[in-house]
2 protein chains.
Amino acid sequence: MSFLRQYLPILVWGRSYNRQALSNDLVAAVIVTIMLIPQSLAYAMLAGLPPEVGIYASIAPIVLYAVFGTSRALAVGPVAVVSLLTASAIGQVAEQGTAGYAVAALTLAFLSGGFLVLLGLLRLGFLANFLSHPVIAGFITASGLLIATSQVKHILGIQASGHSLIELLVSLVSHLGEVNLPTLAIGLSVIGFLFWVRSGLNPLLQRIGIAPGLAGVLTKTGPVVAVGLSTLLTWAFALPESGVKIVGAVPQSLPPLTLPGFSPDLLQSLLLPAILISIIGFVESVSVAQTLAAKKRQRIDPDQELIGLGAANIGAAFTGGYPVTGGFARSVVNFDAGAETPAAGAFTALGLAIAALALTPLIYYLPNATLAATIVVAVLSLVDFSILKKTWRYSRADFTAVAATILLTLTLGVEIGVASGVAISVLLHLYKTSRPHVAEVGLVPGTQHFRNINRHDVTTDPQLLTLRVDESLYFVNARFLEDLIQSRVTEGCAIRHVVLMMSAVNEVDYSALESLEAVNSRLKDMGVGLHFSEVKGPVMDKLKSTHLLQDLNGAIYLAQYDAWTNLSTSSPPAGRAAE
Amino acid sequence: MSFLRQYLPILVWGRSYNRQALSNDLVAAVIVTIMLIPQSLAYAMLAGLPPEVGIYASIAPIVLYAVFGTSRALAVGPVAVVSLLTASAIGQVAEQGTAGYAVAALTLAFLSGGFLVLLGLLRLGFLANFLSHPVIAGFITASGLLIATSQVKHILGIQASGHSLIELLVSLVSHLGEVNLPTLAIGLSVIGFLFWVRSGLNPLLQRIGIAPGLAGVLTKTGPVVAVGLSTLLTWAFALPESGVKIVGAVPQSLPPLTLPGFSPDLLQSLLLPAILISIIGFVESVSVAQTLAAKKRQRIDPDQELIGLGAANIGAAFTGGYPVTGGFARSVVNFDAGAETPAAGAFTALGLAIAALALTPLIYYLPNATLAATIVVAVLSLVDFSILKKTWRYSRADFTAVAATILLTLTLGVEIGVASGVAISVLLHLYKTSRPHVAEVGLVPGTQHFRNINRHDVTTDPQLLTLRVDESLYFVNARFLEDLIQSRVTEGCAIRHVVLMMSAVNEVDYSALESLEAVNSRLKDMGVGLHFSEVKGPVMDKLKSTHLLQDLNGAIYLAQYDAWTNLSTSSPPAGRAAE
């Protein structure tokens with residue numbers, strides 16, 4: 001039973017479900033449904049897919065997440081960054097608008113779902129940690145810019161394409177002569193309206209006496225109003241005849257049953273993008289879920305979240321969708337609107353299913369420019385270059401990683417950008433630990449404490465070199481210590497004993513062990529003793545049965561002070577006794 | 001001048017060069033030259049190149065290393081593992097025996113030399129540390145096996161090819177019917193003879209009164225004797241007529257002036273292998289140089305070693321050679337024979353130049369099987385599976401890395417093998433640090449010390465959760481701590497304060513900073529205070545100007561005991577005061 005509960009969180013919250021929770025969940029579902037309709041259409045367009053795919057991708061995934069997910073408020077569906085990644089991935093294997101393109105989207109969702117479930121079952125959620133916060137921030141800022149730029153063509157009513165910012169801009173400029181003015185008028189009006197809704201409407205509503213909570217929720221309906229008004233105007237003035245592109249006929253249907261493609265070629269070429277999408281989607285989703293859970297002192301289980309999101313994506317693959325994840329905007333609205341359990345998500349799915357069945361004829365005259373405008377306004381709020389300033393001030397390594405991520409995402413595309421960001425942060429971290437802080441220490445007079453000889457006034461002994469290593473010893477820094485000891489001993493000819501103070505060493509791996517053995521044998525050749533002090537318990541347990549300790553030309557001291565009293569004044573090397 | 005001295009170590013040792021050093025260096029050079037002739041021929045054959053290339057590759061590189069290198073005893077030239085890597089790399093771009101193959105070898109040496117010099121000038125020698133000791137040991141064992149297997153065809157006198165152990169064995173078995181018996185007889189005799197020289201001759205010589213040092217040097221001439229005898233027999237019995245393959249006509253010439261290929265295609269396809277060869281060669285060379293330097297309390301400069309080896313490889317590229325590095329066997333012989341300065345290397349180069357000019361007609365009848373036998377005997381001494389047992393006992397992570405390296409090198413080839421070894425060790429290290437040891441601590445009664453509540457009998461306070469983190473906080477483990485705190489606080493409803501004891505935290509990167517900010521704001525939402533104790537100076541310096549400390553719902557305590565006395569009994573949360 002506890003096994004089932006772990007993998008089916010619905011069994012936990014479902015048992016205590018009551019009328020009050022039902023009513024709260026229903027209210028939240030209505031609000032979220034209204035908000036999701038234009039958002040789903042727009043993100044599907046961003047992914048290069050027919051608008052209804054965005055709605056399909058919100059139905060089964062929401063229900064499946066409600067069963068398997070652990071967050072009470074997370075709303076799963078298409079999101080901007082994942083839509084962009086989807087467009088970039090499947091654009092490489094199929095032509096937009098073809099049947100192959102839609103199948104590739106299903107396959108990508110399937111692979112991504114399978115990978116997430118696999119990670120979850122293997123409890124490998126920690127892999128997501130390889131995406132450092134600055135890399136994510138940089139990536140999201142750069143993708144926001146890319147997404148906004150990619151939508152400009154819809155607002156201008158022209159053709160343009162490209163995977164990098166420069167390609168996009170060049171393509172836009174070269175088609176500037178073909179701008180469609182009615183389209184541009186709609187696009188700019190919607191952008192202006194939506195920005196006003198964000199910044200001007202909320203205070204206005206509050207001034208006329210509407211409660212802040214309700215005012216906040218009302219402003220989220222801005223895109224729906226924009227969609228309604230612009231559709232009405234386009235129909236009334238027959239704007240398609242003037243060249244305004246519209247959504248057109250959308251099938252009235254529940255999500256269809258679909259199959260992803262299983263050809264080895266397709267699977268192979270989509271595998272890497274699927275892994276990337278999974279990890280980025282997971283990181284985004286977990287951050288949102290964690291933030292919302294904390295507000296109610298609930299918690300989420302990251303490994304189970306992998307399974308929840310994986311199930312959602314597999315669901316998307318079989319119901320005409322494309323890769324999905326937990327979205328920030330929709331989840332916050334869901335939470336603010338009072339959703340108490342994942343059942344709110346299920347009700348949202350019901351609402352969207354009704355919309356897909358009944359409302360699609362209403363959006364026949366919806367201009368693409370309106371959808372593009374809602375995307376632009378949504379993603380521009382993601383663009384935040386302040387991460388550059390913040391990391392520059394805090395740490396040059398983090399700054400380098402974020403700057404490289406932004407630059408490479410904009411110039412070489414999303415996939416190379418984020419992969420390089422991860423590689424650069426790992427390399428910089430390894431570089432930092434490859435040259436650990438090693439302090440030569442001496443005795444603080446009148447105490448048993450040892451401190452850095454460069455910072456403190458301490459007693460030293462020319463025959464005795466004591467080094468405190470402030471890092472675990474492992475292969476990346478093993479040789480560093482080897483070189484350091486060799487160079488110190490070669491310079492200081494009077495040195496008869498080297499003591500390594502190991503209080504900050506949490507691990508000694510096999511490479512470091514061999515390095516220490518080499519140091520020991522070289523020092524022995526030079527007639528110099530090697531000693532250790534303050535070795536941690538777990539490290540000592542591992543070292544005990546090694547050649548290092550058996551052949552050690554010296555001794556192990558519990559406290560550095562013991563090493564000092566034993567070695568500093570004794571004229572015959574005390575280490576000899578241990579030979 | 002000190003600049004010149006750094007980059008031209010010859011200026012240091014050259015000034016004090018005297019008659020005694022000259023005489024010692026000359027003796028060593030004669031011994032090494034005799035040993036190098038068969039070795040160079042054999043390794044060239046291993047690389048798939050004409051035998052004279054092995055000698056050419058020993059001449060200019062030795063001289064250039066003498067000028068730029070820092071080790072007094074290192075002997076640079078063809079070595080087994082690098083020869084195997086060369087064969088594998090250039091076999092992918094050209095057919096063995098063609099002019100393109102030789103040019104590819106030159107190009108590989110050129111790229112490898114350029115990369116090494118670049119690393120040296122940028123002082124990036126630490127990159128070699130990414131090859132952990134177990135990965136190197138596993139790789140060398142697996143390559144030794146591969147090399148020995150690749151030579152079996154010469155000993156059997158049959159055709160066979162393949163890049164993995166299985167391919168090689170299958171190919172050998174399928175050609176077993178074509179075994180040439182005279183060739184096999186020569187091959188087995190030489191192998192038997194060489195093994196006897198190694199294990200039987202040395203004690204014999206010592207029994208008849210020869211000094212151990214001289215006896216050791218004499219046993220190194222075993223291959224020369226084998227070469228001489230088998231050549232003589234092959235000529236005397238006209239064995240080539242019975243199908244014994246011989247070296248044949250070798251040009252009598254000093255190393256020719258050659259040019260590497262500069263076509264972009266060739267450069268691009270050889271770049272990665274060149275980087276791999278550089279790093280493996282560098283690691284092997286530096287280990288040897290360091291071991292020998294330590295015996296005389298000298299030291300080497302790893303970054304300058306990069307320049308020395310790089311110059312040697314560039315030299316090889318322009319004088320008809322192929323990639324070289326500092327070899328273990330030749331360097332040890334050089335050292336044991338009494339070489340005092342790199343001038344010994346220059347004299348060896350002179351000896352080899354004379355051999356290339358005058359002695360090549362003498363090896364016309366040298367059977368390939370003899371060369372193959374010397375390779376087999378040399379590389380089988382590299383094969384040592386004990387690393388598996390040693391790492392298994394010491395650390396499962398190291399064992400995994402070495403086992404994967406051996407397995408992948410044998411099955412998928414040298415390049416994939418070593419690259420996977422590096423990737424796996426890095427990932428395993430990151431995995432270990434991704435779940436750092438975090439201890440909940442309590443007060444040891446009657447003291448000011450805090451210890452793990454699970455191991456010691458300590459006083460705790462249900463309102464106060466104190467966690468000691470035994471690892472630097474960075475992006476890979478930032479979320480781990482975030483989750484851990486959230487789960488502890490969610491479980492322990494009485495908790496009013498969380499204290500993080502930071503005595504073992506050497507770094508807090510930007511991701512960890514943001515995680516801590518998130519923890520702080522979530523705890524604040526729950527009405528729980530967040531405090532820090534025993535933050536290290538450098539970490540505190542960086543944290544000082546951050547939002548984390550400005551918005552901290554708690555305080556910073558120098559000592560954990562201060563935190564305890566302030567927080568444990570106070571009924572109104574002390575953290576509130578800091579808000």
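This is a guided tour of a predicted two-chain model, stop by stop, with what to select and what is there.

Local features here need pLDDT of at least 70, side-chain atom pairs count only at pLDDT 80 or more, and totals for chains, interfaces and linings use all residues. Residues are numbered from 1 along each chain as its sequence is written, while chains are lettered from A and ligands numbered from 1 in the order in which they are written.

**Stop 1: chain A as a whole**

Select chain A and switch to cartoon. You get 24 helices and eight strands (DSSP runs numbered from the N terminus: H or I of at least four residues for helices, E of at least two for strands). Its radius of gyration is 31 Å, well over the 25 Å that the globule rule gives for 579 residues, so chain A is more spread out than a compact globule. That radius is taken over C-alpha atoms, and the rule is 2.2 Å times the number of residues to the power 0.38. Along the principal axes, the C-alpha atoms fill a box of roughly 105 × 60 × 60 Å.

Buried residues are 54% of the 579 in chain A. Buried is 20 or more other C-beta atoms within 10 Å of a residue's own, exposed is 12 or fewer, and partly exposed is in between, with C-beta atoms placed from the backbone. Of the contacts in chain A between residues at least 6 apart in sequence, 80% join residues at least 24 apart; a contact is a pair of such C-beta atoms within 7 Å.

**Stop 2: both chains together**

**Stop 3: the interface**

Select the chain B residues that touch chain A: 45 residues of chain B are in contact with 45 of chain A. Helix 7, helix 12, helix 17, helix 19, helix 20 and helix 21 of chain B each give two or more residues to this side. Which helix gives the largest share? Helix 20 of chain B does, with ten residues. By class, the side has 17 nonpolar, 15 polar and 13 charged residues. (Nonpolar is Ala, Val, Leu, Ile, Met, Phe, Trp, Tyr, Cys and Pro; charged is Asp, Glu, Lys and Arg; the others, Gly among them, are polar.)

Stay here and pick helix 17 of chain B, residues 386–394, where Ile387(B), Lys390(B), Thr391(B) and Tyr394(B) are buried. Look down the helix axis: these buried residues fall within an arc of 90°, so they line one face. The arc is that of the directions from the helix axis to the C-beta atoms. Their cover includes helix 21 and helix 22 of chain A, plus helix 7 and helix 18 of chain B.

Ser425(A) is buried, with 29 other C-beta atoms within 10 Å. Setting aside neighbours within four places in sequence, its contacts are Ser132(A), Val135(A), Ala401(A) and, from the other chain, Phe475(B).

**Stop 4: the nonpolar cores**

A nonpolar core is a set of buried Ala, Val, Leu, Ile, Met, Phe, Trp, Tyr and Cys residues joined through C-beta atoms within 7 Å. The largest has 144 residues, and those with the most contacts inside it include Leu46(B), Tyr65(B) and Leu108(B). Helix 12 of chain B gives the largest share of this core, 15 residues. Zoom in on Leu108(B), which touches Leu270(B), Ala274(B) and Ile277(B), among others. Another core, of 143 residues, lies apart from it and includes Val82(A) and Leu366(A).

**Stop 5: helix 24 of chain B**

Select residues 560–567 of chain B; the buried ones are Gln560(B), Ala563(B), Trp564(B) and Leu567(B). They cover an arc of only 100° around the axis, which puts them on the same side of the helix. Strands 3, 4, 5, 6, 7 and 8 of chain B are included in what covers them.

Most residues other than glycine have a negative phi. Select Glu534(A), where phi is near 55°. Glu534(A) is in the loop between strand 7 and helix 22 of chain A, and counts as buried, with 21 C-beta neighbours inside 10 Å. Then jump to Glu534(B), whose phi is also near 55°.

Methods
Two residues are in contact if their C-beta atoms, placed from the backbone, lie within 7 Å.
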